[in-house]
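Please take me through this structure feature by feature, giving the general idea of each reading before the case at hand.

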Amino acid sequence: MSAPEKATDHQAEIAARVKAIESIMIEKGLMTTEAVDRLAEIYENEVGPQLGAKVVARAWTDPEFKSRLLENASTACAELGISGLQGEDMVAVEDTDDVHHVIVCTLCSCYPWPVLGLPPNWYKMPPYRAAMVKAPRKVLREEFGYDVPESVEIRVWDSSSELRYWVLPQRPAGTEDFTVEQLEALVTRDSMIGVGAPKAAA
Ligand code: FE
């Protein structure tokens, strides 16, 4: 059996187990199908990196908000009405000219849901989780096409169920006259994970 087939089998097995647990919980009255559907809908359609982009654009344009964000990301996000599951203890780490940050969860797939939504598949996979801590510069270049200059230090943050990190990327050059909405449009999911840069000013 080839590796991709194995991965698919494994995913199907996990999906079957999740379905079974869900059926038992519904049967026992611990939750309802409506609640399950609603949760899926929230995290598939309503919560996503567009919320993180709002927070980043605000930090780029409001130094006092930025200080509060770096001090306590969860309470700063709550000011903008952004909070929820898996976001109780978030830490935002700021990229500078000298330091670039990347997030990972080496143990499983901890991720700041309220600002980024659900993690992409590759974030949950062993190759990313293992390789990023060992050779971040190489992984960024070879897997993500993202070249971080040798002069810039790369710091990798290992998230856990207690602390979930995410990146405040640098504001792109040439955006001095941009409105907050225009800035939001430049912030990508990958730039908040640290595997890419924000879009450049057109
Ligand atoms: Fe995890």
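Q: How are α8 and α9 oriented to each other?
A: The general idea is that axes are lines fitted to C-alpha atoms, for helices over the stretch in contact, with angles running from 0 to 180 degrees between N-to-C directions; angles under 35 degrees count as roughly parallel, over 145 as roughly antiparallel, 65 to 115 as roughly perpendicular and the rest as oblique. Helices (H or I, at least four residues) and strands (E, at least two) are DSSP runs, numbered from the N terminus. In this predicted model, the axes of α8 (residues 126-134) and α9 come within 6 Å and cross at roughly 130°, and the two helices are therefore oblique to each other.

Q: Before we go on, what should I know about the numbering and the confidence limits?
A: Residues are numbered from 1 along each chain as its sequence is written, and side-chain values use heavy atoms, with hydrogens and water left out. Because the model is predicted, local features need pLDDT of at least 70 and side-chain atom pairs count only at pLDDT 80 or more, whereas totals for chains, interfaces and linings use all residues.

Q: Which residues of α8 and α9 meet?
A: Contact means heavy atoms within 4.5 Å, and by that criterion Tyr128, Ala131, Met132, Val133 and Lys134 of α8 meet Pro136, Val139, Leu140 and Phe144 of α9. For the classes, Ala, Val, Leu, Ile, Met, Phe, Trp, Tyr, Cys and Pro count as nonpolar, Asp, Glu, Lys and Arg as charged, and the others, Gly among them, as polar; the residues of this contact divide into 8 nonpolar, no polar and 1 charged.

Q: Is Val139 buried or exposed?
A: Buried means under 20% relative accessible area, exposed over 50%, and partly exposed in between (1.4 Å probe, protein chains only). Val139, which lies in helix α9 (residues 136-144), counts as buried because its relative accessibility is 9%. Not counting residues up to four places away in sequence, Val139 touches Ala131, Met132 and Phe144.

Q: How do α3 and α4 cross?
A: The axes of α3 (residues 49-61) and α4 (residues 63-71) come within 5 Å and cross at roughly 125°, so α3 and α4 are oblique to each other. As to handedness, a crossing is left-handed if the near helix is turned anticlockwise from the far one by less than a right angle, and right-handed if clockwise; α3 passes α4 in a left-handed crossing. The contact is made by Val55, Arg58, Ala59 and Thr61 of α3 together with Pro63, Phe65, Lys66, Arg68 and Leu69 of α4, and its residues divide into 5 nonpolar, 1 polar and 3 charged.

Q: Which atoms coordinate the iron ion?
A: Donors are N, O and S atoms within 2.8 Å of the metal (3.2 Å for Na, K and Ca), and since water is not among the atoms, sites may look incomplete. Here the iron ion is coordinated by Cys105 (SG), Cys108 (SG), Ser109 (N), Cys110 (N) and Cys110 (SG), at 2.2 to 2.8 Å, and the donors follow the spacing C-x2-C-S-C along the chain. Cys108 counts as partly exposed at 35% relative accessibility, whereas Cys110 counts as buried at 9%.

Q: Where is Gly194 placed, and what does it touch?
A: Gly194 is in the segment after α11 (189-193) and counts as buried at 0% relative accessibility. Leaving aside neighbours within four places in sequence, Gly194 is in contact with His100, His101, Val102, Leu140, Tyr146 and Val167.
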